[in-house]
Amino acid sequence: MTSTDRTSRRVRAAVSALWSGPAWRATGNALAALLVAAVGFILLGGLALIWVAAIVSLIQWPVGGWALAAAYIAVVVVGPVLALWAVQGLTALQRSRLRATLGLDIPAGPRAPERRPWPVGPWLAAATWRQLGFHLLAILTGVIGGGLVAACWLAPVAAIAYLATGRPPAAAGAAAVAAAAGLLLTAPWLARQVTRADAASARALLGPARSEELAQRVESLARSRADVVAAADAERRRIERDLHDGAQQRLVSLAMNLGMARERFAGAPEPVRRAIADAHDEAVLALSELREFIRGLHPAVLNDRGLVAALSGLVARAPLPVRLRVDVPRPASPSVEAVAYFIVSEALTNVAKHAQATQAEVTVTRDGDVLRIAVTDDGSGGAAPAEGDDAGTGLRGLAQRAAAVDGTLTIDSPPGGPTVIAAELPCES
């Protein structure tokens, strides 16, 4: 491709940009930025002028008597409040402008709890000073950038007016026409550059800072995880209720019918009696296993009578002596109580299966907003979370359950014992 072809292509691209959608959107944004910059200049400049004038008057006091001095003091005190309102109003106006002209949505930062009263708190926040910096920068860039973009688009009008009214020499007229054409072709490119700089500064100064974005992300993830935990807990409750009211009742009825058949056909031939007896024993065993499975999903007593009754049932069913001590003056959230129940249940199961212990102790206390759980046994020790394929069960499963509600779980199990499994759960997770 020759240099002439490249030049021709560039000229065609510059001419076609004059009526392209992006160029007109950028131009609209630049002109809107010019108008908002004028509003910001009037508001912030006027407040600054009045505030400085009041301070200077106070320094030169007594001029005008006590009444005027009191008015100046009121202006100095009220000035920061009015400036804060102006900054917040201009921020909302700029966000609306960017959304309307560019479709750019600048999110607001998280609302952190104010440790100082309004308006002191907002002025001590970094976000307020970033917004003020953007508005001061927007006064400069909005006026200069928007003014240059408007001048480039209006250059042909100015050239026509110059030729019509000034009657310049031919050379001057040709130069004016050439300059107007060049400025007109430059207008789309300049509008895009001004808009790009405007959008970049808005993202950096009007949007949340990096730390605030991370805080928002952490808060969002925490809410999502809490929703997932609550949904899983609700699903376990539903499954437990369906099994308890459906399959378990059918198995109870089947076991009863087989038991009555076993007594009714006591004089039947041996193969018949054996078949009925085996079926009855299997039904009873299936019913027992289903009850244990339902209890493992979500114990109904936890919903009906609370954590103390549920833990008392666990201790009563344990195959070794277990001492239970519960001091929970106020109940925790249902999801935390469910996690506490399963931690105690799994810990006692591990004690019965692996610890070779003769006794155990379960302590559950509430210390402020923290639920503390400790399961102690006098077994052989050496307990540790499983790795590999068993990572989702056993002690590692307990740690995962605790972490699901922002809790922690520690295991102290030296060889020879004793073993202490301790968990701390926030009560309101």
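**Helices, sheet and salt bridges in a predicted model**

At 41% relative accessibility, Asp281 counts as partly exposed, because the class of partly exposed residues lies between the buried ones, under 20%, and the exposed ones, over 50%. The residue is found in helix 8, which comprises residues 270-297. The C-alpha atoms of Asp281 and Leu258 are separated by 8.9 Å, although the two residues are 23 residues apart along the chain. These values, like those that follow, were computed from a predicted model.

For the protein as a whole, the secondary structure comes to 12 helices and 5 strands. Of its 429 residues, 34% count as buried, and the protein exposes about 24700 Å², of which carbon and sulfur atoms supply 63%. When contacts between residues at least 6 apart in sequence are considered, 73% of them join residues at least 24 apart.

The 5 strands form an open sheet in which the order is 1-2-3-5-4 and the pairing is mixed. Strand 1 (322-327) and strand 4 (408-412) stand at the edges, and each has a single partner strand, so one side of each is left without a neighbour in the sheet. From one strand to the next, the twist averages 10°. Within this arrangement, strand 2 (residues 360-367) and strand 3 (residues 370-377) pair in the antiparallel sense over 8 bridges, and Thr365 stands opposite Arg372 in strand 3.

Helix 11 (residues 334-355) lies across strand 1, strand 2, strand 3, strand 4 and strand 5 (419-426), and runs at about 10° to strand 3.

The axes of helix 10 and helix 11 come within 10 Å and cross at roughly 10°. That makes helix 10 roughly parallel to helix 11, because angles under 35 degrees are classed in this way. The residues that meet are Leu307, Ala310, Leu311, Leu314 and Arg317 on the side of helix 10, and Glu337, Ala340, Tyr341, Val344 and Ser345 on the side of helix 11.

Charged side chains were examined next. Side chains of opposite charge can pair when their charged atoms come close, and in this model the count comes to 5 salt bridges. One of these salt bridges is formed by Arg97 with Asp198, the closest N and O atoms being 2.9 Å apart. The pair links distant parts of the chain, since Arg97 lies in helix 3 and Asp198 in helix 6 (residues 170-205), 101 residues apart. Arg97 counts as buried at 6% relative accessibility, and Asp198, at 11%, counts as buried too, because both values fall under 20%.

Helix 3 (residues 65-102) also contains Thr91, which is buried with a relative accessible area of 2%. When neighbours within four places in sequence are left aside, Thr91 is in contact with Gln131, His135 and Leu206.

The side chains of Arg372 and Asp367 meet in a salt bridge with an N to O distance of 3.3 Å. Arg372 is partly exposed, with a relative accessible area of 29%, and Asp367 counts as partly exposed at 44% relative accessibility. Glu424 likewise forms a salt bridge with Arg372, with the closest N and O atoms 2.4 Å apart. This second pair links distant parts of the chain, as Glu424 lies in strand 5 and Arg372 in strand 3, 52 residues apart. At 38% relative accessibility, Glu424 counts as partly exposed. Through salt bridges that share partners, Asp367, Arg372 and Glu424 are joined into one network.

Notes. Residues numbered from 1 in each chain as written. Predicted model: local features only at pLDDT ≥ 70, side-chain atom pairs only at ≥ 80, totals over all residues. Heavy atoms only, no water. Pairing = 2+ DSSP bridges. Helix = DSSP H or I, 4+ residues; strand = E, 2+ residues; numbered from the N terminus. Axes fitted to C-alpha atoms, helices over the stretch in contact; angles between N-to-C directions. Contact = heavy atoms within 4.5 Å. Buried < 20%, exposed > 50% of the residue type's maximum accessible area, 1.4 Å probe, protein only. Areas by Shrake-Rupley, 256 points an atom, 1.4 Å probe, with all protein chains shown as cover. Salt bridge = Lys/Arg side-chain N within 4 Å of Asp/Glu carboxyl O. Parallel < 35°, antiparallel > 145°, perpendicular 65-115°, else oblique.
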